[in-house]
Amino acid sequence: MEMLNLSLPAPNRFATDYLAGSPDLQSFFHYNFTDENSYIHRLDELKNRSFMRNELADHIQFFMSRYAKSGKITGNIDKLRKENSVAVIGGQQAGILTGPLYTIHKVISIIKLAEQKEAELGVPVVPVFWIAGEDHDYQEVNHVYVMKDNKQEKWIYPERNLEKKMISEVCINRDLCYSWVEEIMETYGETKHTKEVLAFALESLKKAESFVDFFAMIIMELFKDSGLLIVDSGNKELRRLEKEYFINQIKNHREVTNGVLGQQERTISAGFANMIDINENAANIFFYDEKVNERILLQFDPQSGGFSGKNGEVSFTYDALVEIANEYPEKLSNNVVTRPLMQEWLFPTLAFIGGPGEIAYWAELKLVFEHFGLKMPPLVPRLNITLLERSIESDLEELNLDLKEVLISGTSGHELKFIDSLKDREVEELFENVKTMLADQYKVIREKSNGIDPVLMPMLQKNESILIKQVEFMEDKIVEAICSKHDHILRKFTRVENALRPGGSPQERVWNPFYYLNKYGLDLIPELLKLHYEFDGTHKIIKM
C-alpha cells in the first residue's frame, strides 16, 4: 500500500476553514488540535478532575465480554483504571454491516491518534469508540449501497420499524438478515476471499441480538488486536452510571439551552449557518416511553415549570423528572447538545475525533461546556480516506484525468467533453440546417394557413413539433451509434466515477467496507492500520 496526501475542501465551509487552521475559528474552541502544546495543557486540565474510572472500566469489561477478545483489549481496560490515563474517543451510529466506509475510517483515526499521543506524551492513552445506540434514526442505519447495472442502488434491510425505538432496542431478524447479506455479497462477485468474508459476516450475525450487537460483533472482530474499547450509549447499565450527570443536566437545562443560543449568535455573526436546531424551551433530553416504544424529546414548560413532549405525549414536574433520573436513568437519553457533555463527564478525554458535521456543531457548545467549568477537548478531524484500486488508477491515467479534480467534481464534465469530441460536425450542422429550414417553412405555412382557417393552427403546431422531434430522435441515434463504437472508453469514465465519486458523493460516504473486504480479504484492516497517518487535515489516498 502507498499513501498520497491531497488537500480537498470539506463538505461544509466551517470544516474547510477549520482544516485550514483559520484563526477566525479559534474563538469557538478551547484548544487548537494542530498545536502539540494543546495536548499537554489538556493533560494538566484532566489531572484536576475526577472520573469513575473503575466503575467505567468494570462496565466496559462486562459489556465487551460477549465480543471478540484480545490481550490488548484487556490491557486497555486496565489502563483506563489508572489515574493518569486518558482516552481518544469518537463515535457513530450502528450502521448495518458497519455502515459506510467512513465508520471504519473513524475507528482507524481513534486508534492511530491514541497510539501517537501515547508515544508523544508518555501516558496511557486508550482508544474508545462510542456507539450511538441511544439514537432512534433507523433510516440512517438500515441500508447499504451496492452496484447494479453500473449504478448505485440502495438496498434496505427488509424489515420495517415504524417506532422511534433506540437502535440498541431494535432487534435483528437473523434469518431475514442472513438472506439479505448473502444477496449483497453476490453483487460483489466471487473472489478468493468471498467464502471467508461471508462466513465472517454470518457468524457475527449468528451471535447478534440487535443492530448494535451486529455492528459491535463486526467492529470488534476486525479491530480486536488494536485494543479498541467500545461503549453503547443506549446500554441501560451505562445509563445507571450517568444518573448524577442527568440530574445535573436537568438542574441546568436553561443554562445549557441559553449557552447554545448564545454561541449560535457568535457563529451567525462570523458568517456561518447554525447546525443545531434548538429553541429557547429545549430541555435537550429524551424520555423513553416504554408504552409506545418511542423516544420523546422533552421541552421545558415555563408556565408549569415542568417538562413535556412536544405533542403532549408525556409530562413531568421538575421533581418527577429528577426522580426518574435518580431512580430510572435508563429511561433518559441525550440529544446532540448533551451527548458531548455526557462523554466529557464519563471519560478523561484527551481528544475527540469528529467528522466535518460534528466539528461544526461542537462549535456551538463552547459556552455550554464553560457553564459547567469544563473545556472542550481538542477536536481532531477524522481521517478522510479514499481507497484507490490499481485498475481505477490505470483508468485515470488512460483517460488523462486528474485525481484531485475527480475527487472534487467527478468525471461527468470530462465524459461530456469526450462525447462532444466524437461528434461529426458536418452531420451536426446538417441536422441544424434541417431544423432551421423546417422552422422557416412552417412559419410561412402558418401565415398562409391562418388566412385560410385559424382553426388549423393548433394542428399545424403539433405537426411541426412532431417533425422536429423526429429529426432530433434521428440526431440522437447517430450520436448513440458513434458513442457505441467508443463504449469501452465511456465505461471507464463510469467505472472511475462509481469508484471515487459515486452519485456525486465521496467514496467513503457511499460504499460499504464489505465490498473491499470481499476483494482484498479480512487482512485489509490490519494492513490499513500499519500505515502512518498524519492528522493534518489532508485527504488520504491509499493505493491498493
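In this predicted model, the largest nonpolar core holds 144 residues. The members that touch the most other members are Phe223, Ile230, Phe347 and Phe514. Helix 8, residues 211-223, gives the most to this core, with 11 residues. A second core of 20 residues is separate and includes Leu407, Leu422, Leu490 and Phe493. In soluble globular proteins, nonpolar side chains tend to be buried together.

What is phenylalanine 347 in contact with, leaving aside its neighbours within four places in sequence? Its contacts are Phe51, Leu56, Ile60, Leu80, Ala87, Ile89, Val128, Trp130 and Val231.

An open sheet is built from 5 strands in the order 6-3-2-12-13, and the pairing is parallel. Strand 6 and strand 13 stand at the edges and each has a single partner strand, so one side of each is left without a neighbour in the sheet. Averaged over the sheet, and with direction ignored, neighbouring strands are turned by 30 degrees against each other.

| Strand | Residues |
|---|---|
| Strand 2 | residues 86-92 |
| Strand 3 | residues 125-131 |
| Strand 6 | residues 229-232 |
| Strand 12 | residues 349-354 |
| Strand 13 | residues 379-381 |

Strand 2 and strand 12 run parallel and are joined by 3 bridges. Opposite alanine 87 stands threonine 349, in strand 12. Helix 5, residues 101-121, packs on the sheet and touches strand 2, strand 3, strand 12 and strand 13. The direction of helix 5 makes about 160 degrees with that of strand 3.

Methods:
Residues numbered from 1 in each chain as written. Predicted model: local features only at pLDDT ≥ 70, side-chain atom pairs only at ≥ 80, totals over all residues. Heavy atoms only, no water. Core = buried A, V, L, I, M, F, W, Y, C linked by side-chain atoms within 4.5 Å. Buried < 20%, exposed > 50% of the residue type's maximum accessible area, 1.4 Å probe, protein only. Helix = DSSP H or I, 4+ residues; strand = E, 2+ residues; numbered from the N terminus. Contact = heavy atoms within 4.5 Å. Pairing = 2+ DSSP bridges. Axes fitted to C-alpha atoms, helices over the stretch in contact; angles between N-to-C directions.
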